[in-house]
Amino acid sequence: MKLPSLANIKKELQHLTSEELVDLLMETAKFTKDNKQFVYFKVFGRENPQFFQQMVEEELAESFEAANMDHAYFAKKSAQANRRKLNKYLKFTKDKTVQLELIAYFCKALISYKYLEFDHQVIQNLYDLQVSKIQKIVSTLHPDLQFDYQLLVEEVESYSKHV
């Protein structure tokens, strides 16, 4: 079965009543937890843009605290799982500053929870990749915002070079 394009779907959605749209949205939210979270953040995050960021940071903090840090292998698996969780949430927002803050939070958590002290190549590569994402996002921002975030970039870069 060939699916129609998003433009065709959008045209058809414009013909639906608001009640039909709400029903369709609720059905979509019931399919997966990710859909439900996405709808939740979009509905409740409109008034408070920082709401989404705070919720994601809290969930990441819980994951980092619950991680098994007995061995480098377990630390690596935990870091990878947290990165997957972060990447999932980054798809929920188009706001580059929120994405930047969340990636920086992840990097700082890797440092503060002592993941990088395992001197494991996979963990170090994961950290370096997140640092490069921060650099890429900062380069796309307005020059005033680039200046504001330059200290953050230098902070995460400096730790990467010391390890």
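Analyst: This is a predicted model. Start with Gln-99. Leaving out residues up to four places away in sequence, Gln-99 touches Leu-90, Thr-93, Lys-94 and Ile-137.

User: What makes these count as touching?

Analyst: Contact means heavy atoms within 4.5 Å. Leu-90, Thr-93, Lys-94 and Ile-137 are the residues that Gln-99 touches on that basis, with residues up to four places away not counted.

User: Why is Gln-99 called buried?

Analyst: Its relative accessible area is 11%. Buried means under 20%. So Gln-99, a residue of helix H6, is buried.

User: Where is Thr-93, and why is it called buried?

Analyst: Thr-93 lies in the loop between H5 and H6. Its relative accessible area is 12%, against a limit of 20%, so Thr-93 is buried. Neighbours within four places aside, Thr-93 is in contact with Phe-52, Val-98 and Gln-99.

User: How do you know that Phe-52 is buried?

Analyst: Phe-52 has 6% relative accessibility. Under 20% is buried, so the label holds for Phe-52. Phe-52 belongs to helix H4. Its contacts, neighbours within four places left aside, are Phe-41, Tyr-89, Phe-92, Thr-93, Val-98 and Leu-102. Phe-52 and Val-98 are 46 residues apart along the chain, yet their C-alpha atoms are separated by 8.6 Å.

User: Which residues touch the most other members of the largest nonpolar core?

Analyst: Phe-52, Leu-100, Leu-110, Tyr-115 and Ile-134 do, out of 36 residues in that core. Helices H4, H5, H6, H7 and H8 each give two or more residues to this core. H6 gives the most, with nine residues. Leu-100 touches Ile-134, Ile-137, Val-138, Leu-141, Tyr-149 and Leu-152, residues up to four places away not counted.

User: Why is H5 described as roughly parallel to H7?

Analyst: The two helices pack at an angle of about 25 degrees, with their axes 9 Å apart. Angles under 35 degrees count as roughly parallel, so H5 is roughly parallel to H7. The crossing of H5 past H7 is left-handed. From H5 the contact includes Ala-72, Ala-75, Ala-79 and Leu-86. From H7 it includes Val-122, Ile-123 and Leu-126.

User: What makes the phi of Lys-114 worth a remark?

Analyst: Most residues other than glycine have a negative phi. Lys-114 is not a glycine, and its phi is positive, about 65 degrees. Lys-114 sits in the loop between helix H6 and helix H7.

User: Which other residue in that loop has a positive phi?

Analyst: Asp-119, found in the loop between H6 and H7, has a positive phi near 55 degrees. Asp-119 is a residue other than glycine too.

User: Why is Lys-114 partly exposed, while Asp-119 is called exposed?

Analyst: Exposed means over 50%, and partly exposed runs from there down to the buried limit of 20%. Lys-114 has 45% relative accessibility, so Lys-114 counts as partly exposed. Asp-119 has a relative accessible area of 65%, so Asp-119 is exposed.

Key: Residues numbered from 1 in each chain as written. Predicted model: local features only at pLDDT ≥ 70, side-chain atom pairs only at ≥ 80, totals over all residues. Heavy atoms only, no water. Helix = DSSP H or I, 4+ residues; strand = E, 2+ residues; numbered from the N terminus. Buried < 20%, exposed > 50% of the residue type's maximum accessible area, 1.4 Å probe, protein only. Core = buried A, V, L, I, M, F, W, Y, C linked by side-chain atoms within 4.5 Å. Axes fitted to C-alpha atoms, helices over the stretch in contact; angles between N-to-C directions. Parallel < 35°, antiparallel > 145°, perpendicular 65-115°, else oblique. Left-handed = near helix turned anticlockwise from the far one by under 90°.
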